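Here is a brief report on one structure.

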Amino acid sequence: MRQEQEDAKAEVTEVAPGILRAQIPIHFTGLGHVNTYLLADAERWTAIDPGLPGPATWKALKDRLGQVGAKVKDVHTVVVTHSHPDHFGSAEKLRREADASMVAATDFRTCVALPGPDPAAPPRPRRPRGHP
């Protein structure tokens, strides 16, 4: 069984100095959890890939933050690594509730309420479908 297919562990674990892994339970496409990472810094916390949308995820996310002595309002940045719903589903809610910044790929702006690109910037060339 792959690690992400296992049920979520309730405890937050330190995987490197200042980098904590919080497993958020999910039942989605054969997965048992998503790894949400919490990074401690002088400003407070960054949350990476905060899980699927919904009350169960939100409850687990608040629990994991509480284990490290943090609250939702202590998150200053939300990072979305890619566009799988188990990684970005709760990102916008966390960003709003924490009044945090969000970091995501420019093309991801269509999925969440991020400010648009700088109007003074030159337009990006579009590639036809099917071309790399």
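## Two aspartates with positive phi

Aspartate 49 sits in the loop between strand 4 and helix 1. The model is predicted. Aspartate 49 is not a glycine, yet its phi is positive, at about 55°. Most residues other than glycine have a negative phi. Is aspartate 49 buried or exposed? Its relative accessible area is 5%, so aspartate 49 is buried.

Aspartate 99 also has a positive phi, near 55°, and is a residue other than glycine. It is placed in the loop between helix 3 and strand 6. Its relative accessibility is 66%, so aspartate 99 counts as exposed. The buried cut-off is under 20% and the exposed one is over 50%.

Six strands make an open sheet in the order 1-2-3-4-5-6, and the pairing is mixed. Strand 1 and strand 6 (101-103) are at the edges. Each has a single partner strand, so one side of each has no neighbour in the sheet. From one strand to the next, the twist averages 30°.

Strands of a sheet pair through backbone hydrogen bonds, in either the parallel or the antiparallel sense. Strand 1 (residues 13-16) and strand 2 (residues 19-28) run antiparallel and are joined by three bridges. Threonine 13 faces arginine 21 of strand 2 across this pair. The two strands form a hairpin, with two residues between them. Glycine 18 lies in the turn and has a positive phi of about 80°.

How many bridges link strand 2 and strand 3? Eight bridges join strand 2 to strand 3 (residues 31-40), again in the antiparallel sense. In this pair, phenylalanine 28 is opposite leucine 31 of strand 3.

## Helices on the sheet

Helix 1 (residues 55-67) packs on the sheet. It touches strand 2, strand 3 and strand 5 (75-79). The direction of helix 1 makes about 160° with that of strand 2.

Helix 3 (residues 91-98) packs on the sheet too. Its contacts are with strand 4 (45-48), strand 5 and strand 6. The direction of helix 3 makes about 160° with that of strand 5.

## The nonpolar core

The largest nonpolar core has 25 residues. Which of them touch the most other members? They are Leu38, Leu65, Val75 and Leu94.

Take leucine 94. Leaving aside residues up to four places away in sequence, leucine 94 touches Ala47, Pro50, Trp58, Leu61, Val72, Val75 and Val78.

## Salt bridges

The whole structure holds four salt bridges. One of them pairs the side chains of glutamate 6 and lysine 9, at 3.9 Å from N to O. Glutamate 6 is partly exposed, at 30% relative accessibility. Lysine 9 is partly exposed as well, with a relative accessible area of 41%.

Aspartate 63 and arginine 64 meet in a salt bridge of 3.0 Å, N to O. Aspartate 63 is partly exposed at 36% relative accessibility, whereas arginine 64 is buried at 7%.

Within helix 3, arginine 95 and glutamate 92 lie three residues apart, about one turn of the helix. They form a salt bridge, with the closest N and O atoms 2.8 Å apart. Both residues are buried. Salt bridges with shared partners join Glu92, Arg95 and Arg96 into one network.

Terms used: Residues numbered from 1 in each chain as written. Predicted model: local features only at pLDDT ≥ 70, side-chain atom pairs only at ≥ 80, totals over all residues. Heavy atoms only, no water. Pairing = 2+ DSSP bridges. Helix = DSSP H or I, 4+ residues; strand = E, 2+ residues; numbered from the N terminus. Axes fitted to C-alpha atoms, helices over the stretch in contact; angles between N-to-C directions. Contact = heavy atoms within 4.5 Å. Buried < 20%, exposed > 50% of the residue type's maximum accessible area, 1.4 Å probe, protein only. Core = buried A, V, L, I, M, F, W, Y, C linked by side-chain atoms within 4.5 Å.
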